[in-house]
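Here is a short tour of one protein model, from the face of a helix to a pocket, some ring pairs and a few backbone details. Please keep the sequence and the 3D view open as you read.

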Amino acid sequence: MTIYETMLAQYNEEHGTATPNASHEVMQQLVLAGLNRGGFFKHAAFYGGTCLRIFHGLPRFSEDLDFSLIDKRDDIHLDNYFPSIVEEFNISGLDVTITKKEKKIFGRVESAFLKENTEAYEIKFQTKKTVKIKIELDTDPPLQFNTEQKLLLQPYSFMTRCFTLPDLYAGKMHALVYRAWQRRIKGRDWYDFEWYVRNGIPLDFNHLQARIKEFSGQDVDKETFLKQLRERLATADINMVKLDVVDFITNQHELDIWSNDYFLQLADMIKFV
């Protein structure tokens, strides 16, 4: 049995049954392991929904791997670490291909925060079906965030540098309030917002301010941010919000309570660092 097959069997055992996203999630861990072998986390940190799922147990599936340099610099690029990723998959019994993703093929919602110096690539391998995962690196990040080392045990024991929970929260709230929705609301942002509030995580407003300033050019205080948040929560089509997230969760009854008023009450419960 290959390392990949062993990880897949263990994943399914831990979750009680074979899940449609098992291969994808094992693949995500193999990417992290390959990046670690290459020394990537000396210079970069993991953030976003997949970070929240892998290291903090977020109960929804998350597709992509998002990374940020910890300092602004122009000499660190994802393709420097492709050999380490490919080697990790080979050791695990899989062959992969890595291709650069052209920005023009991203939907407007997903590309709203992509900057010219954001690198995006797609990794895929073939099992019974093709499994693909997108990885992105922000090489010119908004700063004022903190990181911590989080342990993974498979395919070997290693540490991954991650944004701390308050700073993960800040990134999520920036996406929820300032993301260009276009035709489809990203309900996964709403789901994660609910998770942060329910788990009592404080929001790092300094990092949120830095993100708003970097991407929107606005100097926003807490009162203004909360006003903008409530406006977005009050006016969104809650059915569209649910529609986006429903395929990413196993217990759809979690959404039964969702309403505009429910999220407005959650907004009143936000804690700040």
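Turned away from the buried side of helix H1, one face carries the exposed residues Glu 13 and Glu 14. Exposed here means over 50% relative accessible area, buried under 20%, and partly exposed in between, with a 1.4 Å probe and protein chains only. Before going on, note that this is a predicted model, where local features need pLDDT of at least 70 and side-chain atom pairs count only at pLDDT 80 or more, while totals for chains, interfaces and linings use all residues. Residues are numbered from 1 along each chain as its sequence is written, and side-chain values use heavy atoms, leaving out hydrogens and water.

**Helix H1**

The buried residues of H1 are Tyr 4, Met 7, Leu 8, Tyr 11 and Asn 12. Viewed down the helix axis, these buried residues fall within an arc of 130°, so they line one face of H1; the arc is that of the directions from the helix axis to the C-beta atoms. H1 has 12 residues and reaches 16 Å from its first C-alpha to its last, close to the 16 Å expected at 1.5 Å a residue, where the expected span is 1.5 Å times one less than the number of residues. Helices (H or I, at least four residues) and strands (E, at least two) are DSSP runs, numbered from the N terminus.

**The second largest pocket**

Which residues lie nearest the centre of the second largest pocket? They are Tyr 11, Glu 14, His 15, Gln 29 and Leu 152, out of 17 lining residues. Helix H1 (3–14), helix H2 (22–37) and helix H3 (49–56) are the elements that give two or more residues to this lining. By class, the lining has eight nonpolar, six polar and three charged residues; Ala, Val, Leu, Ile, Met, Phe, Trp, Tyr, Cys and Pro count as nonpolar, Asp, Glu, Lys and Arg as charged, and the others, Gly among them, as polar. The volume of the second largest pocket is about 340 Å³. A pocket is an open set of points on a 1 Å grid over the protein atoms alone where a 1.4 Å probe fits, with protein on both sides within 12 Å along at least five of seven lines, and lining residues have an atom within 4 Å of a point. Grid points are joined across faces, edges and corners, and the volume is the space filled by probe spheres set on the points.

**Aromatic pairs**

The structure holds 19 aromatic pairs. Rings of Phe, Tyr and Trp (its six-membered ring) pair if their centres lie within 6.5 Å; planes under 30 degrees apart count as stacked, over 60 as edge-to-face and the rest as tilted. Two of the pairs are set out here.

| Pair | Centres apart | Planes | Class |
|---|---|---|---|
| Phe 46 and Phe 55 | 6.3 Å | 80° | edge-to-face |
| Tyr 169 and Tyr 196 | 4.4 Å | 5° | stacked |

Tyr 169 lies in helix H5 (residues 165–178) and Tyr 196 in helix H6 (residues 187–198), so their pair ties together parts that are 27 residues apart in sequence. Both of these tyrosines are buried. Phe 46 is buried at 0% relative accessibility, and Phe 55 is buried at 12%. Ring pairs also link Phe 40, Phe 41, Phe 46, Phe 55, Phe 67 and Tyr 81 into a cluster.

**Backbone details**

Most residues other than glycine have a negative phi, and most peptide bonds are trans. The peptide bond from Gln 154 to Pro 155 is cis, with omega near 5°, and Pro 155 sits in the loop between strand S6 (147–152) and strand S7 (158–163). Gln 144, although not a glycine, has a positive phi of about 60°.
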